[in-house]
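Hi there,

Here is the structure I promised to pass on to you. My notes on pockets, surface and salt bridges follow below it.

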Amino acid sequence: MELIGVYRVLPKMRMTIPKEVAERMGLKEGDKLVVYYDEAKNRMVVEKWKRK
């Protein structure tokens, strides 16, 4: 895992995905993301939704 930066949580609990990350993940408007929460490490992991 690579640290890209530190970002603020915006009003209404929103977070902006940095352009560099979006480009590396191949994200475009309308894509779905899956969010996991690791309680033991107090971490959030975000993945691009992939249909099987």
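**Pockets**

The second largest pocket has a volume of about 190 Å³; please keep in mind that this is a predicted model. Its lining is made of Y7, R8, V9, M13, R14, M15, I17, L33, V35, M44 and V46. By class, that lining divides into 9 nonpolar and 2 charged residues, with no polar ones. Strands β1 and β2 each give at least two residues to the lining of this second pocket.

The largest pocket holds about 800 Å³ of space. Lining it are 20 residues, of which E2, I4, V21, M44 and V46 come closest to its centre. Sorted by class, the lining of the largest pocket has 15 nonpolar, 3 charged and 2 polar residues.

**Nonpolar surface**

**Salt bridges**

The structure has 4 salt bridges. In one of them, the side chains of E2 and R24 meet at 3.0 Å, N to O. This pair links distant parts of the chain, since E2 belongs to the segment before α1 and R24 to helix α1, 22 residues apart. E2 is exposed, at a relative accessible area of 52%, and R24 also counts as exposed, at 52% relative accessibility.

R24 has another partner in E20, with the closest N and O atoms 3.4 Å apart. What separates E20 and R24 along helix α1? They are 4 residues apart, which means about one helical turn. E20 counts as partly exposed, at 43% relative accessibility.

A further salt bridge joins D31 and K48, whose closest N and O atoms are 3.7 Å apart. D31 is in the loop between α1 and β1 and K48 in strand β2, so this bridge ties together parts 17 residues apart in sequence. D31 is partly exposed at 27%, and K48 is partly exposed at 26%. Through shared partners, salt bridges join E2, E20 and R24 into one network.

Best wishes

Methods. Residues are numbered from 1 along each chain as its sequence is written. This is a predicted model: local features need pLDDT of at least 70, side-chain atom pairs count only at pLDDT 80 or more; totals for chains, interfaces and linings use all residues. Side-chain values use heavy atoms; hydrogens and water are left out. On a 1 Å grid over the protein atoms alone, a cavity is a set of points where a 1.4 Å probe fits but cannot get out, and a pocket is an open set with protein on both sides within 12 Å along at least five of seven lines; lining residues have an atom within 4 Å of a point. Grid points are joined across faces, edges and corners, and a volume is the space filled by probe spheres set on the points. Ala, Val, Leu, Ile, Met, Phe, Trp, Tyr, Cys and Pro count as nonpolar, Asp, Glu, Lys and Arg as charged, and the others, Gly among them, as polar. Buried means under 20% relative accessible area, exposed over 50%, partly exposed in between (1.4 Å probe, protein chains only).
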